[in-house]
Amino acid sequence: MTIATTRRALLGAALAAPAIARAQGFTRPIRFIAPYSPGGGIDTTARLLAGPMAQKLGQTMVVENRAGAGGSLGAAEVARSAPDGYTVMVDALAHTVNPFVIRNLPFDYATAFTPISQVVVLPQILVVPNSTPARTLPEFVAWAKTRPGTLSFGSSGNATASHLASALFLNRAGLDITHVPYRGGTAALPDLIAGTTAFVFATVSSGLQLVRDGQVRALGVTTLARIPPLPDVPTIAEQGFPGYELNEWNGFYAPAGLPAPLVSAYYDALKFALADATVKARLETLGAIPVGSDPASFAAYVREQRALMGRLVREAQIEI
């Protein structure tokens, strides 16, 4: 080993030492960024995780809501933070969509973060009005094909998971149905119940009770396997659309360059939180499926989702 190489190695070890020490015991509160408004899904997930994660890490985690620009304002706060373990974030599917629908971002989603784990999957339900004659998804497709350009569908907003799931479905089914974006998924459901729109992809938390109460009809779910709350509702994939899958999901991130010991510490803390009985029960009420994937698997998943979302946004010509 040369003298220069030795010096570089010693310098690297010296720089890494504080981070490794912090992984063993944080010395000040940790900022936990939720890049959406209080009361929403991401905020709920962050606040559920913060308590048990703090217990495992031995330091308080303070949830900060930094809402705006589809989650990109909060993400920017994390992107410009030091990779010292004191700033982390939970983000939504928009993490892989924003690069394709928001212009002039001050950071690169692909390189600005350290992916640590996928937290949960939030399945969606394709629901239709009771006035629709179709009882199955193939029947709905056949019925809609006789009415090209005359039907509309609702979504929770442009470029949201609800919109993207709809766009992928329309693409695969070869349907011509007009998009009507609403200000949130709950806002789209009254018009669906009234029969004004032909379908909505609703989250389990917003659509499940309507299905159980008989106010709307569920024709399929967006996961590859059937979901426990609706075991009799087939997946879209098993009804003539093999491989179809487009769910909302939450991921856990830190700034790019987070040292490996801190990545491990956060991954362990997240797994600890997802195993907590209170957290599990609350996630179940939200229709969320816990994941807790390892950092390498999650990084690969994020890359895969980014490529898929990019293709879908371009093909469907989705804009904000």
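**Close-up views of a predicted model**

View 1. Ser-152 has Thr-178 of strand 7 as its bridge partner. The chain passes from strand 6 to strand 7 by way of helix 6 (residues 161–173), a β-α-β crossover that is right-handed. Strand 7 covers residues 178–181 and pairs with strand 6 in the parallel sense, over four bridges.

**View 2. Side chains of strand 6 (residues 152–155).** Ser-152 and Gly-154 point one way from the strand, while Phe-153 and Ser-155 point the other way. All of these residues are buried.

View 3. Helix 2 spans residues 41–57 and contains Thr-45. Thr-45 counts as buried because its relative accessibility is 5%, and buried means under 20%. Leaving aside residues up to four places away in sequence, Thr-45 touches Val-90, Val-119 and Asn-250. The C-alpha atom of Thr-45 is separated by 8.9 Å from that of Val-120, a residue 75 positions away along the chain.

**View 4. Helix 9 (residues 260–274).** Helix 9 has 15 residues, and the distance from its first C-alpha to its last is 21 Å. This is close to the 21 Å expected at 1.5 Å a residue. Buried residues of helix 9 include Leu-262, Val-263, Ala-265, Tyr-266 and Tyr-267. Further along the helix, Ala-269, Leu-270, Ala-273 and Leu-274 are buried as well.

Conventions:
Residues numbered from 1 in each chain as written. Predicted model: local features only at pLDDT ≥ 70, side-chain atom pairs only at ≥ 80, totals over all residues. Heavy atoms only, no water. Helix = DSSP H or I, 4+ residues; strand = E, 2+ residues; numbered from the N terminus. Buried < 20%, exposed > 50% of the residue type's maximum accessible area, 1.4 Å probe, protein only. Contact = heavy atoms within 4.5 Å. Pairing = 2+ DSSP bridges. Right-handed = clockwise from strand over helix to strand, strands pointing away. Expected span 1.5 Å × (residues − 1).
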